[in-house]
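Visitor: I have a structure open and would like to talk through it. Could we begin with the chains?

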Amino acid sequence: MPAFEMRKIVKRFPGVVANRDVDITIEAGEIHALLGENGAGKSTLMQILYGFHSMDSGSILIDGKPVEIASPRDAIALGIGMVHQEFMLVPRFSVVENTVLGLQGKLDLREAARRLRTLSEQHHLAVDPDAQVQHLPIGVQQRVEILKLLYRDARLLILDEPTAVLTTHEKDQLFTVLRGLRSEGHSIVIVTHKLQEIVDLADRVTVMRDGQVVATVSTRETTEQELARLMVGREVNLRAVKVPVERGKAILRVEGLHVRDEVGQEKVRGVTLDVHAGEIVGIAGVDGNGQSQLAEAIMHLRPADKGRIFLHDREVTRLTVAQHRAFGLAYVPADRRHVGAVTEMSIADNAILGSQGKHTKGPFLNTRKIREHAEKLITRFGVRATSIATKAGKLSGGNLQKLILGREILEDAAAMVVEQPTRGLDVGAIESIWAELLAQRERGKAILLISAELEELMNLADRIAVMFEGRIVGILNAASVTTEKLGLMISGLSEES
Amino acid sequence: MKLIERRVSPADSPLAVTTAMVGAAVVAMLITSLLFTLYKANPLQAYFALFHEPFASWRGFGYTLVRTAPLTLIALGTIVSWRSGFGYLGFEGCFVIGAAATSWLALNTAFSSWAFLPLALLLSFAAGAAWAGMVALIRARFGGNEVLISLMMNYVAILIVQYLVSGPMRAPGGVPETALLPRATWLPFILPGTRAHAGILLALLATLLVWVLLRKSRVGYELIVSGLSPSAARFGGINVGARLVFAAFCAGGLGAWAGLVEVLGEQHRLMDGISGGVGFTGIIVALLAKLNPLAVIPAAVLYGGMTVGANAMQRRAGIPSSITFILQSLIVLMVLASDIFRRYRVKLT
């Protein structure tokens, strides 16, 4: 008898069936991966189990007995806990204060801290109950979330995309903790779309596509390639094919750049690098090490404190964004929905953002030209949309990213800064975005690729610059570097040897 | 069996939208009927009085147009500024500044009537643009809060006009007001036997201009992007600060034209309290039109007409005209709330 079972779950949202007769069983002492592309319905399913959403029909059984879960409170009482992708912690509270937050009954912080310490030792979590959460690294904050669940006697832990924000080292630590919990009889569900982690960590994997379960398989009897095929529904190419390209002259150069963030903290501390024609230079690093500020400063969305930026040997440091664009720099920002696109405007309107000056007839917009441009964009880059009048916000993440990337590519700029181009996208979309970037490299464009995904950098880049705490701590040849080496460098544990 | 079902996306066919709007107005009128019965009046007679005069009598219709013109101009100003992300509320100020600038020009210069009007349009637009532009500069340069500043500046403008009409521009006599403006400066009357004047034509022209600006021009595109997402606008190479100031210029200028229309078309002199709150009612009209420039005219006609009808209703049915204001407010509330109903459908099976 499985510890947890969901039977024939149906959940409809306006316009979509998110879950269609979904069955899933989770055993005690099992790490179960829930795999699927964005919109496959995996998050919805787990949110039903956690009481966030109600189901339209179906049943949930714990130890064979049917249960009603109407709210997260019910779920917690039944031993089900969830760690969300965005942590739900109060930064100014201590670990123990965060843990007891929301609990009923007498408040005894000292007793709670004692119990936390025991739990932390028992599960090798290494968390100090008195530490303030805001001073803890992300990886430790995640352990605090896990500790919160154990404190509430959770038997089933649901982790939503747990490795998205972790360094390689932190990821290894997390996996050790999870394996420990498994051996003590806890059930764990990890919701993810990263194939390699599943094969490494999970016992069984349930693959969802279009709201349905397509397969539940044991990880011992499957491969990454097989899982990718199940998830996408067709053969996918997990390795990008990079042809040799003659490296041209330097197009984009950055010299000794210093940049501050909104609160005045220096995030970029003396970065020097150059990107040549026909080359992809990757910037590796854990989020928050100054990569975003570097990209924004290059595009002049953020002023540089010190240092100089050159485009084709012409200094552009103090020029406006519009001038950067005019001199041949395109930018794909990390925040697709707030910076890269205006979600409330149509695809056609979004297609000319940044090049609105080229689609005019006198002071007026040239509607015919805009329509042709937008049609070309969605056909050429395979943006799936009913029409160019559709609001951009209605597009899926992958289609929106294709729209933004395609728009910047059609600008035909000599240099391009691309930030986290595949974050949160599913395998199918990643495949086509990678292909587009490589095609641009072959066309002799200079591309600066900022990514937290080491796989992506190893697949696409010619050289990889590792950024740590605002500095470039090493520039490596992508052909001869290993993931392990990069992993150590982005965690600040190793300088270039 | 659920009788009411949530729709996948809100019903947005013209029929559904119209039905929702008309339904909202009817509900507002039903609620107001309860108020009428407090005065022992027959609601049907009261509504007849309210709507007959402004829409079914020639003279009353003239008055309706007189009220519509400034409302339209203010509503258009609201649309330009709000769509650009500039939450301007200083139209009372722009109105009186525009009225004062126009009166000054009319009283102190002697241009022929064909030269006067373009000059007055230019001068009052510039005065209103400068008035609203100040707020935009503070917001764009120093990040000041335009809502608070523009509201406060209304009082400044009203006090300036109070000073002008009781001091430098005061005509001899008991009341704080200027002398009657020279007849040559008046806007021509356009419907024989009524007080309707050419101000309504200016309002129509402005509607067309604002529609073209927002829907058809590059500047309008950049304004709307700035309003919806300033960070995306900057990414697209748009100078958000400059666009904000531009939007404020247009909004202030349109607000000042409302003052010009009132002075040259209706009052023919500058006096204290000349705006009568139109700087705020215009904003309500813009809301009623859902910030769509083409919907402003019907919304303003309805609103202006009801103001005219209110007096007739007071005379004929003995109901306080202030109830009309309650009705007007209820209509706006109901129309804004009616959107919710378009998200559901009724299942009769």
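Visitor: How many residues does the contact take from chain B and from chain A?

Guide: Chain B gives 20 residues and chain A gives 27 residues, contact meaning heavy atoms within 4.5 Å. This is a predicted model, in which local features need pLDDT of at least 70, side-chain atom pairs count only at pLDDT 80 or more, and totals for chains, interfaces and linings use all residues. Residues are numbered from 1 along each chain as its sequence is written, chains are lettered from A and ligands numbered from 1 in the order in which they are written, and side-chain values use heavy atoms, without hydrogens and water.

Visitor: What area is buried between chain B and chain A?

Guide: About 1900 Å², of which carbon and sulfur atoms give 69%; buried area is the accessible area (1.4 Å probe) that two parts lose on being put together, summed over both. In chain B, R218(B), Y221(B) and F235(B) lose the most, together 41% of what that side buries.

Visitor: And how many salt bridges does the rule find across the interface?

Guide: Zero between chain B and chain A, where a salt bridge is a side-chain nitrogen of Lys or Arg within 4 Å of a carboxyl oxygen of Asp or Glu.

Visitor: Turning to helices, at what angle do α7(B) and α10(B) pack?

Guide: Helix α7 (residues 199-216) and helix α10 (residues 240-267) of chain B pack at about 170°, with axes 10 Å apart. Their arrangement is therefore roughly antiparallel (angles over 145 degrees).

Visitor: Which residues of α7(B) make that contact?

Guide: G199(B), L202(B), A206(B), V210(B) and L213(B).

Note on methods. Axes fitted to C-alpha atoms, helices over the stretch in contact; angles between N-to-C directions. Helix = DSSP H or I, 4+ residues; strand = E, 2+ residues; numbered from the N terminus. Parallel < 35°, antiparallel > 145°, perpendicular 65-115°, else oblique.
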